[in-house]
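Could you walk me through this structure in the viewer, one selection at a time? I would like to know what to click next and what is there.

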2 protein chains.
Amino acid sequence: MEPLFTSLIDSLPSTVPFVGPEALERKRGRPFRARLGANENGFGPAPSVIAAMQDHAGDVWKYADPENYDLKQALATHLGVTPGNVVVGEGIDTLLGLVVRQYVREGTPVVTSLGAYPTFNFHVAGFGGRLVTVPYRDDREDLDALLAAVKREQAPLVYFSNPDNPMGTWWEAGEIERFIDALPASTMLVLDEAYGETAPITALPPLDVSRPNVLRMRTFSKAYGLAGMRCGYAVGAEKQINAFDKIRNHFGMNKLTQIAALNALHDQNYLKAVTSRIIAARERIALIAAANGLKAIPSATNFVTIDCGRDGPYALAVLNALIDRDIFVRKPMAPVLDRCIRVSVGLDEELDTFEQQLPQALAAAEETS
Amino acid sequence: MEPLFTSLIDSLPSTVPFVGPEALERKRGRPFRARLGANENGFGPAPSVIAAMQDHAGDVWKYADPENYDLKQALATHLGVTPGNVVVGEGIDTLLGLVVRQYVREGTPVVTSLGAYPTFNFHVAGFGGRLVTVPYRDDREDLDALLAAVKREQAPLVYFSNPDNPMGTWWEAGEIERFIDALPASTMLVLDEAYGETAPITALPPLDVSRPNVLRMRTFSKAYGLAGMRCGYAVGAEKQINAFDKIRNHFGMNKLTQIAALNALHDQNYLKAVTSRIIAARERIALIAAANGLKAIPSATNFVTIDCGRDGPYALAVLNALIDRDIFVRKPMAPVLDRCIRVSVGLDEELDTFEQQLPQALAAAEETS
């Protein structure tokens, strides 16, 4: 006899939303030469941010300020909202878990796209929600179908990302606003804008914190190059932002992370420079794809999703052949999207390696599939 | 109209387990001269750990290994268990939240001591559990009464810390083992050993990972001086440890934190040295208390709880008078315990300040209470 888990916990699988590249490296027995799979920013954080972390490394015997006061002030100023409209958390992943917990009980319908961000699904499953999925259309999240599903299911929660992961596609702000205007007042939209900084400015609707049913989520993990530090934030109406204080881990933030994020926000010149490098790397990945007869799907993110032109098993064979050649990439797994591989931006030498190895990987995939 | 929170979320207050010293500093308009309230380790982390964080500050564009492989291997070796017996999380606070979620539904009884760690209570309330509290006896957690409450309530979860926070007291290993032996097999004990490294070795029972109903929790926040990096771990039977993978934030760990913890674990010489300094500081705090006619309660932690000799309001007045004099300390709030203030170890100059100001603070408290 042993302590009984709740029936919900008992029913869940021991799963991971993603296998890390480190696990693959351990399995392979050697490191990757190009780390292009996790939508990280290989150009790294700003030198000013690295210096600030180094300067403050000795301060980490202190807990971080549980109110994230300085960072929230700076974010509010940067975004043109008040600090009461901002909640900071240990990455968007943590904030997604908290928002799911706010709206989802066992059996609650939650709408998302089939093949969208697995970590959101992980949280919905973890709180017993019932995932209602809508297929992508033309490699974009299908806003009309998402809206129809919300209404049909009377779902209190709907999630999508703009720009989108894993496809890299995006909607213009006007389309997003049209979705928000049509959304039932009783449904919370979590609009994941993790890739907002690498998108055309025209893809981001103005922040409207008067809306109680929209949470916009952003992160320091992508353009700011701080994935390993875990810092995301949500922007919304004050009451909905305050609700996070009921359940968030108040002392969960890392002290160096607060310092890193604050310095990153203040170094907008670096952000501009690195965004240019990201866009240049996107273009190069698209050219490499084209040179191999593959079609790169236009991207507003820090990765490029490449249509391998055949079915899922073929794209999987391409992925495995790349991994065999020491190139870490990932791929969408849901039907139709699964004909693609997903290649994150990286340093020139990493893209050189990708360019060199892709023809061989395609040839190998040809043989095995 | 707006999206409806679950009834549980709706019923929760927007609360914080602790107000941070930074918030007090903002309110006061000036910084503290002595930061002795949060049970941090003012002696800081090992120089080797600081250097490792500085060396790797540029690597934080990468997500951390979601499996915490290297750290779990090192911990397992250090503890004499297997990696499958260890789960790493963003501080004990996060692990407490996860374990509560595993066993607690709305209305589930959970046993703890009245006045024990508020963050555990915060999580129990956050998942709708029903807190069943047992008073301390002679400033120690009352193991017999905790056990009786577990049996009476048929509680699936019981929590206590050894050494104890906020009193600093402890039980010897034999008493803890007696408790574990008498515990119903259907009840999970969360034994919080955050202060294990500063305790007499005789206070820590040998790890027995064959027991499916005991989780031992430890941290890098206290003796290792890494509170701001957020790293704790739980040790237990494999099935119970695996259950964390069902719901934990797999990519929640900070990459620099993994590096810091690994290096801290490898620098046991520093741990020994800093533990001596902690013990010396404890002794000095006790002497300062005695010089002012107050009684320090014997402590096995990195803080000393001082009996101010009168009632709660008087101790609160002493606390406020210390804060007015730029000394950050905290105090227990539950009846009987609330006659005390709690002073964390710190640098010599901080304890000098405490020594200088305590007589005036006592005089001020005398006037106001």
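Start by selecting both chains: 85 residues of chain A are in contact with 85 residues of chain B, contact meaning heavy atoms within 4.5 Å. This is a predicted model, in which local features need pLDDT of at least 70 and side-chain atom pairs count only at pLDDT 80 or more, while totals for chains, interfaces and linings use all residues. Residues are numbered from 1 along each chain as its sequence is written, chains are lettered from A in the order in which they are written, and side-chain values use heavy atoms, with hydrogens and water left out.

Now colour the interface. Chain A and chain B bury about 7,300 Å² between them, 59% of it on carbon and sulfur atoms; buried area is the accessible area (1.4 Å probe) that two parts lose on being put together, summed over both. Next, pick A:Trp61, A:Tyr63 and A:Lys246, which supply 12% of the area that chain A buries against chain B, more than any other three residues.

For the charged pairs, show the side chains of A:Arg105 and B:Glu106, which meet in a salt bridge at 3.8 Å, N to O. Eight salt bridges are counted between the two chains, each a side-chain nitrogen of Lys or Arg within 4 Å of a carboxyl oxygen of Asp or Glu.
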